[in-house]
Amino acid sequence: MGTVDPTAGRWVLLVWLAVALAGTWAALRYHPIRRVEVVGSSMVPALLPGDRLVVLRVPWRSPFRPGPGHVVALRDPRRSDRILIKRVRTVDHALGTLEVEGDSRRFSTDSRSFGPVSRTALVGRAVYRYAPAGRNGPLPGSGEYDQA
């Protein structure tokens with residue numbers, strides 16, 4: 001009978017753990033979660049100033065990608081250091097662009113002013129309001145657009 005190396009089991013465990021961590025790192029790198037705060041009145045009544053949102057970055061070809069009616073965070077095409085919260089009006093997957101609007105059109109600067117935005121400007125899809133207390137919960141999906 002041959003001898004068994006007592007460290008062999010540890011190596012298998014370490015390799016398995018390394019693969020699991022690498023997969024987790026890749027998932028976090030490509031699907032990071034970001035928190036943003038709503039400033040201004042462009043999304044009233046669905047979102048109020050001070051609402052805090054969880055934004056999930058999703059790949060453009062993902063089944064969870066933003067579609068009409070979804071709330072998204074995107075870089076302002078006029079000032080890339082500024083993040084806008086808007087609702088998706090239309091998506092052109094062939095061109096890789098989105099048209100976005102605020103719910104309160106009177107107070108919103110959106111695609112009506114600056115035109116369609118590139119998918120590269122998309123920070124992610126807002127999926128959950130975590131604050132303030134009493135207003136927390138999932139954000140309306142595309143099917144609930146007219147009710148937001």
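Modeller: Let's start with how covered a residue is: buried means under 20% relative accessible area, exposed means over 50%, and partly exposed lies in between (1.4 Å probe, protein chains only). Valine 127 counts as partly exposed, because its relative accessibility is 31%. This is a predicted model, in which local features need pLDDT of at least 70 and side-chain atom pairs count only at pLDDT 80 or more, while totals for chains, interfaces and linings use all residues. Residues are numbered from 1 along each chain as its sequence is written, and side-chain values use heavy atoms, with hydrogens and water left out.

Where does valine 127 sit? Valine 127 belongs to strand β7, which covers residues 122–131 and also holds arginine 125. The chain has 2 helices and 8 strands (DSSP runs numbered from the N terminus: helices are H or I with at least four residues, strands are E with at least two). Read from the N terminus, their order is α-β-β-β-β-β-α-β-β-β.

Now meet arginine 125. With a relative accessible area of 17%, arginine 125 is buried, and buried residues make up 34% of the chain's 148 residues. Which residues does arginine 125 touch, leaving aside those up to four places away in sequence? They are Val54, Val55, Leu56, Phe64, Arg65, Pro66, His70, Val71 and Val72, where a contact means heavy atoms within 4.5 Å. Across the chain, 53% of contacts between residues at least 6 apart in sequence join residues at least 24 apart.

One of these neighbours, histidine 70, has a side chain joined to that of arginine 125 by a polar contact of 3.2 Å. A polar contact is a pair of N or O atoms within 3.5 Å; within protein, one must be able to donate a hydrogen and the other to accept it, and residues adjacent in sequence count only if both atoms are side-chain atoms.

Back to valine 127: Val127, Tyr128 and Tyr130 form a nonpolar surface patch with about 220 Å² of accessible area together. Such areas come from the Shrake-Rupley method with a 1.4 Å probe, and for residues only the protein chains shown count as cover. Patch residues have over 30% relative accessible area and no salt bridge, and nonpolar side chains (Val, Leu, Ile, Met, Phe, Trp, Tyr) are joined within 5 Å, like charges within 9 Å. A salt bridge is a side-chain nitrogen of Lys or Arg within 4 Å of a carboxyl oxygen of Asp or Glu.
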